[in-house]
Amino acid sequence: MSLIGRVAIVTGAGGGLGRAHALFLARSGARVVVNDMAQEAADRVAAEIVDAGHEAMAVVGSVTDEAAVDAMIRRTMAGWGRIDILINNAGILRDKSFAKMDLEDFRRVIDVHLMGAAICTKAVWDIMREKRHGRVVMTTSSSGLYGNFGQANYGAAKMALVGLMQTLAIEGEKYGIRVNCLAPTAATSMTHGVLSNDSLDRLDPALVSPGLLALVGDEAPTRTILCAGAGHFATANVTLTAGRYVGAGDEAGEGVVRLWDEIADRTGEIVPAYGFTQAERELASAGVVSPVAAVRS
């Protein structure tokens, strides 16, 4: 019960992975706001939590509707006076190969996953900053990290959430806000037809949700991508190789081709602490002392 006293919002919590998250957080002691677009689904999960002896409220609204999100935040603050945890879980699929994909389906997936997470996070950001405590979890995916056929829209949205997480973790650090990503593999309405029946049987969403405790607890890391499925947990990283200095001029392109194996050699690769690490390394390789570190300090 390590989340006693905390208030958590879970978007898209009317079923599937969101429901599992809401139930787990409630069992861990948090009061849970069950958000979904369907009133019946949100009410059902909230009732399930209450019947188990925990606290929950159902709030209906799309994560892409700024007014609805603001109303959810106001209702949560009026009822419980605080927001400690936001789980950006809501999402949709519109799978097709890129050649056959309608751009409207591309926009819609980006809107729900990326803009929905941004809208919800923006709505709680000042509350968390003022309190100097907050935990935000973005839901990314192996489709974004590594790609999957037929999921260009979904993969683009999910990798964009990693970029959002990276920057918000840096900006939120001095305010006690820790921002992480969860990359789940679970049997939900979004994965039926994508994975085999045998695989789906082993991918109970409830086996993913325990990973949240590490991401939202008092000792949570920040800027971490936690991959979870079937009871297995791992972390993923965006890395940078040592590379090689090639130089400038017309022959530089040929130099990149010639030295490609060394440029791409993963020996000694790092996980940059911030984006300007790349620029600092490049300038240092060219013999220029970078002012970036001084500016950041």
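Me: Why is the packing of helix H1 and helix H2 called roughly parallel?
Reply: In this predicted model, helix H1 (residues 16–27) and helix H2 (residues 39–51) pack at an angle of about 25°, with their axes 10 Å apart. Axes are lines fitted to C-alpha atoms, for helices over the stretch in contact, and angles run from 0 to 180 degrees between N-to-C directions. Angles under 35 degrees count as roughly parallel, over 145 as roughly antiparallel, 65 to 115 as roughly perpendicular and the rest as oblique; H1 is therefore roughly parallel to H2.

Me: What is the handedness of the crossing of H1 and H2, left-handed or right-handed?
Reply: The crossing of H1 and H2 is right-handed. The term applies if the near helix is turned clockwise from the far one by less than a right angle, and left-handed if anticlockwise.

Me: Which residues make the contact, and how do they divide by class?
Reply: Arg-19, Ala-22, Leu-23 and Ala-26 of H1 meet Val-45, Glu-48 and Ile-49 of H2, where contact means heavy atoms within 4.5 Å. The classes are five nonpolar, no polar and two charged. Ala, Val, Leu, Ile, Met, Phe, Trp, Tyr, Cys and Pro count as nonpolar, Asp, Glu, Lys and Arg as charged, and the others, Gly among them, as polar.

Me: How many cavities of 30 Å³ or more are counted?
Reply: Two cavities reach that volume. A cavity is a set of points, on a 1 Å grid over the protein atoms alone, where a 1.4 Å probe fits but cannot get out; lining residues have an atom within 4 Å of a point. A volume is the space filled by probe spheres set on the points.

Me: What makes up the lining of the largest cavity?
Reply: The largest cavity, of about 60 Å³, has among its lining residues Thr-11, Asn-88, His-113 and Lys-158. Helix H4 (103–131) and helix H6 (152–172) each give two or more residues, and H4 provides the largest share, four residues. Helices (H or I, at least four residues) and strands (E, at least two) are DSSP runs. The lining has five nonpolar, six polar and one charged.

Me: Which elements give two or more residues to the lining of the second largest cavity?
Reply: They are strand S3 (56–60) and helix H3 (66–80), with the largest share, three residues, from H3. This cavity has a volume of about 30 Å³, and its lining has six nonpolar, three polar and no charged residues.

Me: What rules apply to numbering and to the atoms used?
Reply: Residues are numbered from 1 along each chain as its sequence is written, and side-chain values use heavy atoms, with hydrogens and water left out. As a predicted model, local features need pLDDT of at least 70, side-chain atom pairs count only at pLDDT 80 or more, and totals for chains, interfaces and linings use all residues.

Terms used
On a 1 Å grid over the protein atoms alone, a cavity is a set of points where a 1.4 Å probe fits but cannot get out, and a pocket is an open set with protein on both sides within 12 Å along at least five of seven lines; lining residues have an atom within 4 Å of a point.
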